[in-house]
Amino acid sequence: MKPLFHPALVNDPFGDPGLYIDFLFARRALLFDLGDLRQLPSRKLLRVSHIFVSHTHVDHFIGFDHLVRVCLGRDKKIHLYGPPGFVDQVWHRLAAYTWNLVQNYPTDFTVVAAEAHPDGKVMVAEFHCRKGFMPEQVRAETLHDGVLLDEQAFRVRSAFLDHRIPCLAFALEEKNHVNIMKNRLAELGLAVGPWLTELKEAVLRGEPDEFQFRAWWRGESGVVERRIPLGELKREILRIVPGQKIAYVTDCAYTPDNAERIVAISRRSIRGRRSRCAGSWRRPLQRGEFLRESGEDDESGVCRRGRDNFLPGHHHVLVSGMRRQTSAGRRGGGN
Ligand SMILES: [Zn+2]
């Protein structure tokens, strides 16, 4: 199975927190936390569509200016999510600069900031480059089951943790993963083509099995087209398996309440998927508790850094669902 999400930490284990999730075959990425982004090439940063900020301690948010600098002058809209107070903080960061030269830009780089509240309310505001990044379209929305972003193929869920301030944990959940068994195509008299992508999308949209799907491709004498029930295609050439799940948890204190919430958001949604964790923990017991409770039975990807990592004021990044071993520590400047 080719995974849809390709996660990588932005910085080395002692650098600022930041998890970059690249999408397979798509010029798109997500970012969890906005620490120092200078290690991230601009071409990769420009793929980012949505950014999820756990809290605004400086080492989790200082990359915001770099982001604005790279995106300025481009036709781009970036969505940011953060904890209570986040919209004002985004505004203040933007208001720290003078924007008298941007009104005539041919493009309108836009930041859409949303702050989640524990009572399920979300405050949203837009900041348009051409308007000097003044807040506009301020509105209140409602969060359902902690879901900040819900798209056809995936969703991002959030949970509040205690870091002596509200600190968000996130889970990126692929809804289903559709594999195409290309070796079966020829047996059915079908050929590869863009219709296979359309087929995946139809399945993820939840089209009914009776839906007459249009399979088409370019043959030697023009376009070849066939209508086949979606249910038959699902049965004959598709394999639909549980999707990836990646949890991002950082900084919070080790309290029973935090532990319960981390376990809940990290828990594998589907039994049987093996995945790996990366993190830094004070004691193996704590690491093991999380792994066991969240259903992570493969510890081969776990690494531990430092002796006092699970104390207030230190970083603890738990990233479950990653495929290679990484860890995160701290360089200083935040807490
Ligand atoms: Zn912090």
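Author: Over 5 bridges, β1 and strand β2 (residues 19–23) pair in the antiparallel sense. The model is a predicted one, in which local features need pLDDT of at least 70 and side-chain atom pairs count only at pLDDT 80 or more, while totals for chains, interfaces and linings use all residues. Residues are numbered from 1 along each chain as its sequence is written.

Reader: Why are β1 and β2 called paired?

Author: Two strands pair if DSSP finds at least two bridges between them. β1 and β2 have 5 bridges, so they meet that requirement. In one of these bridges, Ala 8 has Tyr 20 of β2 as its partner.

Reader: What is meant by a strand, and how many does the protein have?

Author: Strands (E, at least two residues) and helices (H or I, at least four) are DSSP runs, numbered from the N terminus. By that rule the protein has 8 helices and 18 strands.

Reader: How do you know that β2 and β3 are paired too?

Author: β2 is joined to strand β3 (residues 29–32) by 4 bridges, and the two run antiparallel. Asp 22 stands opposite Ala 29 in β3. The hairpin of β2 and β3 has 5 residues between the strands, and in this hairpin Phe 25 takes a positive phi near 55°.

Reader: In which sense do β3 and β4 run?

Author: β3 and β4 run parallel, joined by 4 bridges. Leu 31 has Ile 51 in β4 as its bridge partner. Ile 51 in turn has Leu 80 in β5 as a bridge partner, and β4 and β5 pair in the parallel sense over 3 bridges.

Reader: What makes the pairing in the open sheet mixed?

Author: The sheet has 8 strands in the order β1-β2-β3-β4-β5-β6-β7-β8, and its pairing is mixed. β3 and β4 run parallel, whereas β7 (residues 121–128) and β8 run antiparallel, joined by 6 bridges. Met 123 stands opposite Ala 140 in β8.

Reader: Why are β1 and β8 said to stand at the edges?

Author: β1 (5–9) and β8 (135–142) each have a single partner strand, so one side of each is left without a neighbour in the sheet. From one strand to the next, the twist averages 20°.

Reader: What lies across β5, β6, β7 and β8?

Author: Helix α4 (residues 86–95) lies across β5 (77–82), β6 (110–116), β7 and β8, and runs at about 150° to β6. Such angles run from 0 to 180 degrees between N-to-C directions, with axes as lines fitted to C-alpha atoms, for helices over the stretch in contact.

Reader: What makes Arg 164 buried or exposed?

Author: Arg 164 has 12 other C-beta atoms within 10 Å; as the limit is 12 or fewer, Arg 164 is therefore exposed. Its place is in the loop between β10 (154–162) and β11.

Reader: How many residues of strand β4 are buried?

Author: Of the 5 residues of β4 (residues 48–52), 4 are buried, and the strand is mostly covered. In the protein of 335 residues, 35% count as buried.

Reader: What is called a nonpolar core, and which residues have the most contacts inside the largest one?

Author: A nonpolar core is a set of buried Ala, Val, Leu, Ile, Met, Phe, Trp, Tyr and Cys residues joined through C-beta atoms within 7 Å. The largest has 56 residues, and those with the most contacts inside it are Ala 113, Ala 169, Phe 170 and Leu 172. Strand β11 (residues 166–174) gives the largest share of this core, 6 residues.

Reader: With which residues is Leu 172 in contact?

Author: Two residues are in contact if their C-beta atoms, placed from the backbone, lie within 7 Å. Leaving aside neighbours within four places in sequence, Leu 172 is in contact with Phe 5, Ile 21, Leu 30, Phe 154, Val 156 and Ile 246.

Technical notes. A residue is buried if 20 or more other C-beta atoms lie within 10 Å of its own, exposed if 12 or fewer, and partly exposed in between; C-beta atoms are placed from the backbone.
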